[in-house]
Structures are given as C-alpha cells and as structure tokens.
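Hi,

Here is the structure I promised to pass on to you. Have a look at it first, and then read my notes below.

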Amino acid sequence: MKILIIEDEPKTGDYLRKGLVEAGFVVDLARDGLDGLHLALGGDYDLVVLDVMLPSLDGWGVLQTLRRAGHAMPVLFLTARDRVEDRVHGLELGADDYLVKPFAFSEFLARVRTLLRRGKAQEPEILRVADLEMDTIRRRVTRADVRITLTAKEFALLELLLRRQGQVLPRSLIASQVWDMNFDSDTNVIDVAVRRLRAKVDEPFEPKLIRTVRGMGYALEAPEQP
Ligand code: CA
C-alpha cells in the first residue's frame, strides 16, 4: 500500500511519514503543491494525504487537477481548526475525508485504514490475462484452473504486472512499487523475483506471459494469436 503525503510543515510531514512507515506503508512525502501533484499524477498511490495550505499550489489545486486527470484514489485532507468552510469545499472537490489539525496519530491512522479499505472495494476483484487469474480480495492466483501459491512479494509483483498488462515496466518502477527501493537500488532483487514468479506461473504452462524487454524491464501480456 503506497501513500503520498503532501505537507509543507516539516515537523508534521516527517512525523506522519515516520508513523505510516512504522505501520507498514510505503510512503512518499512532498513538501509543496506542485511537487506533490507531479508525484500523485505519476506514482500509482493508494491514498493521498493532502494539506490545504501549501506553497506553489494549494491543496484545492492539487485535488482538482488530480480528479480532472481521472485519478480516483482516496484523498484525506488536513485542515486548520478555524477553517470550517474548507471542509465543505474539500468534500465538494472530491476529497474523501478530512482531519482537523492538530489530531492524534491514532485517529489519523484509523482514517487512513478506513479509506484504503474503501478504495480497495472499488477495484476489480479479478485480474486476468489469458488463462491466468488473480483474485485480489481473496488473494488467490490460478492458471488453467491450477491453484498457484505465491509469496507476498511475488503476489505484489504479479498484481503490478497484471494491472499494467501490455506495458513495459522498468525495474526502477517495479522496485519502487513492490519493494519501496529507489532508483539506485540493486535491481538484481527484481530479476531474481521475476525468475521465481516465472517458475510458478509461466514455466509449467503455455503460452509464456512474462516477457523480458532487454535493457528496459518486464511486461506481462498474452502473445498475439498466430
Ligand atoms: Ca501547510
């Protein structure tokens, strides 16, 4: 689960990030509106935590642009106690929930978890390519009706490939989405994981679905019919 925090107040941003990382989430932190928007548009986040008062582009601008660009991830916005009109405005613009500063971390975490559950329920339950199927809610994978047991990382990797099927996914993107590693990380980890995944979902079957794109990354797709 990947969360983006857009918050210019350094202490608050660092505190929220630290707490969410300790709770097991993958977290990015942006310190102004434009940086935040840029990350949110390209980063595949499951949730955005959005401060309203931000330099360069305020929270409303970020939210509006995100929704117009078709991004439907849940947004939790953070507002000041004396700005009652903000709450209405934020919800009208398409935010999902808000918290009034200052708030207890436990309450923040509870809101985050609720929004993530709600977001999940809206996603398709079954992802498919050829005869490979993934039930993302029940966490089951089958190919040609044969049940396949995957580790948590293998499952996350396959889910990413399935959600982006037909696209070439660079190792750096896989690293950041599945392992929370940055671009300089040792990408050998990814090659090893892909090899293990292939051994389970591709090697015993035909046709092969996971393709290595030399010098670029990996793609999952059904081969074209001859
Ligand atoms: Ca602020």
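Asp8 is partly exposed, its relative accessible area being 28%. In this predicted model, Asp8 is also a ligand of the calcium ion: the ion is coordinated by Asp8 (OD), Asp51 (OD) and Met53 (O), at 2.1 to 2.3 Å. Along the sequence, these donor residues follow the spacing D-x42-D-x1-M. Asp8 sits in the loop between β1 (2–6) and α1 (10–22), while Met53 sits in the loop between β3 (47–51) and α3 (59–68), so the pair ties together parts that are 45 residues apart in sequence. Met53 itself is exposed, with a relative accessible area of 55%.

Now to the overall layout. The protein is divided into domain 1, covering 2–122, and domain 2, covering 126–220. Taken over C-alpha atoms, the centres of domain 1 and domain 2 are 29 Å apart.

And what happens where the two domains meet? On the domain 1 side, five residues are in contact with six residues of domain 2. About 500 Å² is buried between domain 1 and domain 2, and carbon and sulfur atoms give 38% of that area. The count of salt bridges between the two domains is one. Asp44 and Arg164 form a salt bridge through their side chains, at 2.2 Å from N to O. Two residue pairs are in polar contact across the interface of domain 1 and domain 2, both at pLDDT 80 or more.

Best wishes

Definitions and conventions. Residues numbered from 1 in each chain as written. Predicted model: local features only at pLDDT ≥ 70, side-chain atom pairs only at ≥ 80, totals over all residues. Heavy atoms only, no water. Donors = N, O, S within 2.8 Å, 3.2 Å for Na, K, Ca; no water. Helix = DSSP H or I, 4+ residues; strand = E, 2+ residues; numbered from the N terminus. Buried < 20%, exposed > 50% of the residue type's maximum accessible area, 1.4 Å probe, protein only. Domains from an automatic or database assignment. Contact = heavy atoms within 4.5 Å. Buried area = accessible area lost by both parts, 1.4 Å probe. Salt bridge = Lys/Arg side-chain N within 4 Å of Asp/Glu carboxyl O. Polar contact = N/O pair within 3.5 Å; in protein donor to acceptor, adjacent residues only side chain to side chain.
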